[in-house]
Structure formats: structure tokens, C-alpha cells
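Thank you for making time for this.

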Amino acid sequence: MFDRIAGLYDAMNSVMTAGLHHRWRERAADLAAVGPGDRALDVATGTGDLAIELARRVGPSGEVVGSDFSEAMLARARQKAPELRWESGNALSLPYADGEFAAATVGFGARNFSDLERGLAEMARVVRPGGRVVVLEITSPAKPPLSTFFRLWFDRIVPVLGRLTGESVAYSYLPSSVRRFPGPSELGAVMHGLGLRDVRWILTAGGIIALHVGSKA
């Protein structure tokens with residue numbers, strides 16, 4: 001499914017978020033708190049936008065690895081930034097050593113982990129002590145009128161857009177995956193349970209987007 005929608009992915013993201021997804025990825029990269037010379041990992045990198053944001057912060061002396069299990073998504077990422085390191089990988093069994101990175105991020109990919117706790121544990125494992133784990137994800141707002149708009153947009157309009165592109169399955173999967181994903185406090189509890197410290201989250205876009213960050217002990 002992800003291979004099939006790779007060619008549509010960036011355009012659909014811009015349509016569904018009015019282009020704001022770039023700003024949200026910038027904020028996620030800021031929370032990673034990486035700087036020149038650091039190494040960072042972006043898990044479920046898709047077409048690579050968050051990895052590219054991280055690369056702007058680590059500079060030419062640092063390194064960013066973008067990992068994904070969809071080769072078609074990685075092909076798009078390589079076209080955007082051939083100088084970065086793009087690797088095929090399973091988020092539930094990352095092929096990296098313990099403590100290898102200053103930060104690990106995931107943008108709009110954690111809800112696709114078949115085992116959320118295991119995927120986040122792997123991200124924490126490959127981060128060095130004091131490094132950060134950052135999760136950028138869609139969440140369901142609890143209060144109207146935004147909750148009403150959210151249900152209309154994700155449950156009705158997004159699947160219609162998917163049918164127009166010929167990818168009705170993928171864009172029906174999107175709202176269902178958001179509904180299954182833990183809310184902000186629940187996700188924060190999972191991160192804390194994995195041993196991450198100073199776990200906090202920021203809600204933006206009226207509560208539709210949550211950015212979580214925690215530091216490795």
C-alpha cells in the first residue's frame with residue numbers, strides 16, 4: 001500500500017494539511033535538539049521530509065539516516081536529498097547499535113507500527129544517553145467544534161479524496177489508524193514506561209497534531 005501511494009504522498013499531505021505539515025516537521029526537528037556533528041535517525045521516514053529537516057540542523061559534519069520499509073517511498077526521498085543516507089529497515093527491529101544516535105524521530109509513522117511499544121523501544125535503544133526520542137503524530141481532538149470538523153474531514157472527505165486518486169484503501173486506512181492510535185496522555189505514558197525521562201507533549205493545529213518528546217536516561 002505504501003509503495004503504491006508513494007507518488008501521491010507529498011501532494012496528498014499538502015492538500016490534507018493545507019501545507020502545514022512542513023511546519024510541524026520543523027517543530028519535531030527542533031524538539032530533537034540536534035546540532036552540528038550529531039547523528040540522527042528518522043524512522044518510517046517516508047519521502048524523507050523530516051530527515052531533511054534534521055539534516056539542516058546537523059550540518060555537513062553530521063549524519064542523518066532515513067529508514068523505511070517502503071522502497072518506493074525511499075526512492076522519492078533519494079530524489080529529494082541524494083546526499084543523505086536512506087536505508088530499508090524494519091522499525092520493530094532497527095539494524096543499528098545501542099546508543100548510536102543523538103536523536104530518533106518518527107513523523108506520521110508511529111501509528112503504522114504493528115507493535116507501538118516495540119517500535120518506540122527500538123528508537124530509544126539506538127539513542128545515546130541524554131538523547132531524545134520525538135514522535136509527531138495526528139491525534140483526535142476531544143472538544144467541538146474541532147472534533148466535529150475532524151470527524152467530517154478524516155472520516156468523510158479524506159476517503160473521497162482517496163477514491164479520486166484511485167487509492168481508496170490507503171485513504172480509508174488513514175482515519176482508522178488515527179482512531180486506533182493512543183491519545184496524547186496515553187502515548188506519553190507509553191514513552192515514560194519505556195524509561196524515557198522528562199516526557200512532554202505539545203498539541204498544535206487546534207489539537208489535531210501532537211508532538212511528543214522524551215530523553216533517554
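Predicted model: local features only at pLDDT ≥ 70, side-chain atom pairs only at ≥ 80, totals over all residues.

Strand E1, covering residues 39-43, and strand E4, covering residues 101-107, run parallel and are joined by four bridges.

If we now step back to the sheet that holds these strands, in what order do its strands lie? Reading across, the order is E3-E2-E1-E4-E5-E7-E6, in an open sheet of seven strands with mixed pairing. Strand E3 (85-88) and strand E6 (196-204) stand at the edges, and because each has a single partner strand, one side of each is left without a neighbour in the sheet. From one strand to the next, the twist averages 15°. As a general point for those of you new to this, the side chains in a regular strand alternate between the two faces of the sheet.

Where else do we find a positive phi in a residue other than glycine? One case is Ala-33, whose phi is near 55°, and which sits in the loop between H2 and E1. Another is Phe-108, which is not a glycine either and has a positive phi of about 60°, this time in the loop between E4 and H5.

In total, the structure holds 14 salt bridges.

Helix H4, residues 71-80, lies across E3 and strand E2 (63-68), and it runs at about 175° to E3. Helix H5, residues 116-125, packs on the sheet too, where it touches E1, E4, strand E5 (127-138), E6 and strand E7 (209-216), its direction making about 145° with that of E5.

Next come helices packed against each other, and in general two packed helices are described by the angle between their axes and the distance between the axes. H5 packs with helix H8, residues 184-193, at an angle of about 50°, the axes being 10 Å apart, and the two are therefore oblique to each other. Their crossing is right-handed. The contact is made by Leu-116, Glu-117 and Leu-120 of H5 together with Leu-187, Val-190 and Met-191 of H8, and by class it has five nonpolar, no polar and one charged residues.

The other pair to look at is helix H2, residues 21-32, with helix H3, residues 49-58, which pack at an angle of about 50° with their axes 9 Å apart. H2 and H3 are therefore oblique to each other, and H2 passes H3 in a right-handed crossing. Which residues make the contact? From H2 they are His-21, His-22, Arg-25, Glu-26, Ala-28, Ala-29, Asp-30 and Ala-32, and from H3 they are Asp-49, Leu-50, Glu-53, Leu-54 and Arg-57. Sorted by class, the residues of this contact divide into five nonpolar, two polar and six charged.

That is where I will stop, and I am happy to go back to any part of the model.

Definitions and conventions:
Residues numbered from 1 in each chain as written. Heavy atoms only, no water. Axes fitted to C-alpha atoms, helices over the stretch in contact; angles between N-to-C directions. Parallel < 35°, antiparallel > 145°, perpendicular 65-115°, else oblique. Left-handed = near helix turned anticlockwise from the far one by under 90°. Contact = heavy atoms within 4.5 Å. Nonpolar A, V, L, I, M, F, W, Y, C, P; charged D, E, K, R; others polar. Pairing = 2+ DSSP bridges. Salt bridge = Lys/Arg side-chain N within 4 Å of Asp/Glu carboxyl O.
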